[in-house]
Amino acid sequence: MGKRTKNLSGLSHFAKRAFQQSPIPDSSSNVAESSSTLPHAVTATEKSPHSSWRAYDATGLVPHYKTASEVPEHLQKYFSQRKRYFTLYDEGCLLDEEGWYSVTPELIATQIAERCRCDTVLDAFCGVGGNAIAFAKTCEHVIALDISPVRLALAKHNAVIYGVADRIDFILADYISFAHEYISRPPGKHPIDVVFLSPPWGGPDYLSRGTSDVELESDQTYALPTRHPEFSLASIKPIHGADLFHLTRKITHNVAYFLPRNSSLDEISALLTESASGEKVEVEEEWMGTKLKALTGYFGGLADGQQHLF
């Protein structure tokens with residue numbers, strides 16, 4: 001896919017008007033990761049053939065671990081999977097602590113991006129950029145939001161390594177505020193086609209509640225996986241997962257909802273109980289080898305057989 005020829009899309013202009021302008025920090029910035037400075041917005045400068053790598057280099061904001069001996073004990077298991085998260089990790093990809101346990105593995109991000117092919121996709125909780133990078137390979141325009149200036153700088157840094165930063169607008173903003181502002185604006189010529197929701201599941205607390213990966217032994221391919229307590233949409237942050245979904249559907253009906261592997265299927269299907277169109281949700285299991293990692297719910301025209309709803 002070619003590079004975008006316009007400096008800013010209509011949606012980027014909207015973001016600049018709706019939020020206070022603020023720069024993405026570089027490695028020389030001392031930025032506290034606090035939501036108290038929000039909302040702000042930033043639009044990534046497009047990379048040109050003559051631009052310096054240093055203009056995008058976030059090295060110094062967080063460590064780039066090269067050997068296991070450098071990694072804190074509580075991150076060791078994530079570091080061992082670093083090339084599943086970013087195949088170009090050794091080229092300098094950066095993750096903060098939350099990024100290590102929340103980034104979508106690259107193969108799964110690629111699969112989701114294929115399903116979400118469109119003109120404009122909004123990654124509502126972009127983190128360190130795993131999904132946004134994948135979307136930039138299948139969509140014309142990616143809007144990537146996050147509430148952390150450091151995390152957003154890391155996402156941009158990683159997107160440069162993958163050569164797709166010119167296709168992504170990085171917006172430092174709270175998604176809930178952004179959504180309300182977007183819904184209240186006059187109809188524009190450049191609507192958001194798809195919203196990808198990968199909200200916080202509870203971080204380390206979620207991981208410590210006995211919800212380890214579902215794993216099948218090599219000789220038990222068809223065995224039933226170990227069951228864990230169901231994850232409720234009420235545990236989604238920053239608002240109830242059902243409220244988050246219904247707010248998003250005011251932007252577009254085409255929603256991809258990335259959820260824990262043990263989410264309640266009844267709760268997911270109940271999101272559409274009031275639909276009068278006979279719409280269905282398609283739930284896809286996301287596997288890495290023999291490990292079930294997550295579920296993705298596809299709504300609207302993203303669900304198989306519902307392309308007419310796109």
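The model is predicted, and local features were considered at pLDDT of at least 70 and side-chain atom pairs at pLDDT 80 or more, whereas totals for chains, interfaces and linings use all residues. Residues are numbered from 1 along each chain as its sequence is written, and side-chain values use heavy atoms, with hydrogens and water left out.

The protein contains eleven helices and ten strands. Helices (H or I, at least four residues) and strands (E, at least two) are DSSP runs, numbered from the N terminus. Of the 310 residues in the protein, 51% are buried; buried means under 20% relative accessible area, exposed over 50%, and partly exposed in between, with a 1.4 Å probe and protein chains only. Contact is defined as heavy atoms within 4.5 Å. Among contacts between residues at least 6 apart in sequence, 68% join residues at least 24 apart.

In helix α5 (residues 106-115), the residues E106, I108, A109, I112 and A113 are buried. Viewed down the axis of α5, these buried residues fall within an arc of 160°, so they line one face of the helix. The arc is that of the directions from the helix axis to the C-beta atoms.

Helix α8 (residues 175-184) and helix α10 (residues 241-248) have axes that come within 10 Å and cross at roughly 30°. Axes are lines fitted to C-alpha atoms, for helices over the stretch in contact, and angles run from 0 to 180 degrees between N-to-C directions. The two helices α8 and α10 are therefore roughly parallel to each other; angles under 35 degrees count as roughly parallel, over 145 as roughly antiparallel, 65 to 115 as roughly perpendicular and the rest as oblique. In this pair, Y175, I176, A179, H180 and I183 of α8 meet L244, L247 and T248 of α10. The residues of this contact of α8 with α10 comprise six nonpolar, two polar and no charged. Here Ala, Val, Leu, Ile, Met, Phe, Trp, Tyr, Cys and Pro count as nonpolar, Asp, Glu, Lys and Arg as charged, and the others, Gly among them, as polar. Buried in α8 are Y175, I176, F178, A179 and Y182. Down the axis of α8, its buried residues also fall within an arc of 160°, so they line one face of the helix.

Residue I268 lies in helix α11 (residues 265-270) and, at 3% relative accessibility, counts as buried. Leaving out residues up to four places away in sequence, I268 touches L259, S263, V281, V283 and F299. The C-alpha atoms of I268 and S232 are separated by 9.4 Å, although these residues stand 36 apart along the chain.

Some loop residues were also examined. S264 is placed in the loop between β8 and α11 and is buried, with a relative accessible area of 7%. Apart from residues up to four places away in sequence, S264 touches E230 and F231. S198 lies in the loop between β6 (194-197) and α9 (203-207); its relative accessibility of 14% means that S198 counts as buried. With the same exclusion of residues up to four places away, S198 touches F125 and F258. P238, in the loop between β7 (214-215) and α10, is joined to K237 by a cis peptide bond with omega of about 5°.
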